[in-house]
There are 2 protein chains.
Amino acid sequence: MNANTTLAPITGIRLGTAAAGIKYPDRNDLVVIELPVGTACTAVFTRNAFCAAPVQLARQNLELRPPRYLLINSGNANAGTGKQGMEDAVACCEGLAELGDCTANQILPFSTGVIGERLPTARLIDALPQAMNNLTEYGWNAAAQAIMTTDTVPKLVSRQFTLEGHPITVTGMAKGSGMIRPDMATMLAYVATDAAITKTLLQECLQQAVEPSFNAITVDGDTSTNDACVLMATGMSGVSPITDGKSAAYQKLVATVTEVCMELARAIVRDGEGATKLVEVLVEGAKNKAEAKSVAYTIAHSPLVKTALFASDPNWGRILAAVGRAEVENLDIELIQIWLGDVCIVRNGGRAEDYTEEAGQAVMDQSELTIRVALDRGEVETRVLTCDLSYDYVRINAEYRT
Amino acid sequence: MNANTTLAPITGIRLGTAAAGIKYPDRNDLVVIELPVGTACTAVFTRNAFCAAPVQLARQNLELRPPRYLLINSGNANAGTGKQGMEDAVACCEGLAELGDCTANQILPFSTGVIGERLPTARLIDALPQAMNNLTEYGWNAAAQAIMTTDTVPKLVSRQFTLEGHPITVTGMAKGSGMIRPDMATMLAYVATDAAITKTLLQECLQQAVEPSFNAITVDGDTSTNDACVLMATGMSGVSPITDGKSAAYQKLVATVTEVCMELARAIVRDGEGATKLVEVLVEGAKNKAEAKSVAYTIAHSPLVKTALFASDPNWGRILAAVGRAEVENLDIELIQIWLGDVCIVRNGGRAEDYTEEAGQAVMDQSELTIRVALDRGEVETRVLTCDLSYDYVRINAEYRT
């Protein structure tokens, strides 16, 4: 559970879980989320060309009708499964539609787990009644547990703000630990609010919220085939619908949804496979977003930087080498400053004169730290959250299928 | 020592080694290579913006005069050391110039090791007489040992071909194990021949040779600050100088130098930090070189693919996910085939119908294997050599400075 332990349910949104035995014995691996009629729902999905069958189907269904149910399983990604994978995803939606008294295209399916194995649809469909029977507004915690794969903790966040004197709640959950370098959305994240808002504005709100949160984290640079982030607005708070993108109400909602997404994204990196450190890479003074991101991700993906972080070794030469090989045209190394926390490590093309190993070590010993690169070429900045590369990352991913 | 154990010296090229105590106690860490007067010499260097002081100085000196000596140290990269680093590199060249009876700008300096620490010039200069005293044409093996850092084996290759009835020899050595994703050249490689050739053609020959060899290998994606590859031609074979880039003699030389570079590059990846597997990634049917390389390097750098290789796990879904996230516009996944050795794993957007886990496992159990991706979009192909990601990679790089 996250630092924010008071989890507020969203009136009308009920979650049910079940153990379908998809991959893991003796634990829940299936989640049904029921949305009240009239809920606005929007989502962003992975940009991986090999996106999974459930991603394709969810994207399709979302365009047809407002969804009534979300159906999520862990243990199997139903990705790289071709036509069979799509048939299986459809079959699961049809199974739930029967129980939920709706049509199959009112269901959004999501899968996470091993890629390339066929989804055991019979077992999944058999477990649906169990999940439907325990639907409850208080099911967020159980659901966050059921969607975990290599995650070690469930990830849940609630935030509230006030509109017209009424409290508005935003609650979300996410999973993800490896194959994390989201491109549009994270592995799986579900955020709900009781605010009332048009679908167009809800979509815009989600786009704004994922950019500095899920789209700015990386564990291993591997963009998943199944990333999805869903934002649902029930409108059941009783407050007037938000219809104006310039209104204070809309700005408040965007700020709160963004905060929830940032917290969830942070929780994913903190729980990155084998991670022992949470590292913020901040690049400032770039000419444009592309070069800022290039420098930030080159550092965040460098196995040499990541293993030095694991060792708490202020081996700043590896950060310097990463900056030097990033794709930036005519980089003037004389202008660059690199900081570890509040300690300047590089200035004038080499080690800062006032740098001491002790000062660098003191920052490296922290479990959360910032690497800041000032390029002094322009005004653009970007932030990326990442973690270190440890023995456990190798162990987890060398043993994952066994 | 490499598979090719008969190492042929190059007449006139003498190598001397010494223990300067730069970082490692009780081993040689200094190499002097003496070139006979009249030797043509060319080199390619790293494109890392933070290139080391010796790289800058070697590049500069190479343009001024034909070099008489190469001076190489391991244990300290003299990179990220600013103006002080350049002064130190110059001081070392001046020290050798005195002993070698030449000018300081006739010396090319090279350093490899830890980034960001000051080069201990006094110790290095003190050890120069020792290296000069044991200069010998048979010094290749000792030199290849002295330039090692995290390497576990020295890397040496000799090849011969015939011109005008005379044998022409090409002999080379290289070092490199981590921070390997050369961009123009590898960590350090020195290749010599007794062929006679103009400097312009020698430069062209080196460019052609490094493209499919050193520029097509990656251990960890980290392009070093100190990469350099030097090609020397003494002309002492007594065969007519090569002056025509279209001549059969030139083609023979290019083929042989390329072969030597390919062998050395292969030896570097085989000795990659912690590597247990040598993996060739072959991408074919691309529209252009850029997309072919994007797919190949996305696979070769994926920590998830690399840990699966370490586990000998035919977890082909990770390869598929890597292809899907590579930067290729409008990738049609229906056309793609992915092969593990001679086993087709992906076809028609999902797992190949005839794939069996046993067949995949049999390929994965090999210590050398090929991952082949057929994009079916065009005629361009590219090859990249890489290795797996093991516990030992993390251990070596977490412990490197201690």
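Student: How do you know through which surface the copies meet?

Tutor: This is a predicted model, and the conclusion rests on the interface residues. Of those in chain A, 100% are also interface residues in chain B, so the copies meet through the same surface. The contact takes 53 residues from chain A and 53 residues from chain B.

Student: Which elements of chain A supply at least two residues each to the side that touches chain B?

Tutor: They are helices H2 (82–100), H8 (303–310), H9 (317–325) and H11 (391–399), together with strand S13 (350–351). H9(A) gives the most, with eight residues. By residue class, this side of chain A divides into 23 nonpolar, 22 polar and eight charged.

Student: What makes the relation between chain A and chain B that of a two-fold axis?

Tutor: Chain A is superposed on chain B by a rotation of 180 degrees, with 0.0 Å of shift along the axis and an RMSD of 0.0 Å. That is the relation of a two-fold axis. Among the residues of chain A, Tyr391(A) comes closest to the rotation axis, its C-alpha lying at 2.8 Å.

Student: Why does the radius of gyration of chain A agree with a compact globule?

Tutor: A compact globule of 402 residues would have a radius of gyration near 21 Å; chain A has 22 Å, and therefore the two agree. Buried residues, those with 20 or more other C-beta atoms within 10 Å of their own, make up 59% of chain A.

Note on methods: Residues numbered from 1 in each chain as written. Chains lettered and ligands numbered in written order. Predicted model: local features only at pLDDT ≥ 70, side-chain atom pairs only at ≥ 80, totals over all residues. Rg over C-alpha atoms; globule rule 2.2 N^0.38 Å. Buried ≥ 20, exposed ≤ 12 C-beta atoms within 10 Å, placed from the backbone. Least-squares fit on C-alpha atoms with pLDDT ≥ 70 in both. Contact = placed C-beta atoms within 7 Å. Helix = DSSP H or I, 4+ residues; strand = E, 2+ residues; numbered from the N terminus. Nonpolar A, V, L, I, M, F, W, Y, C, P; charged D, E, K, R; others polar.
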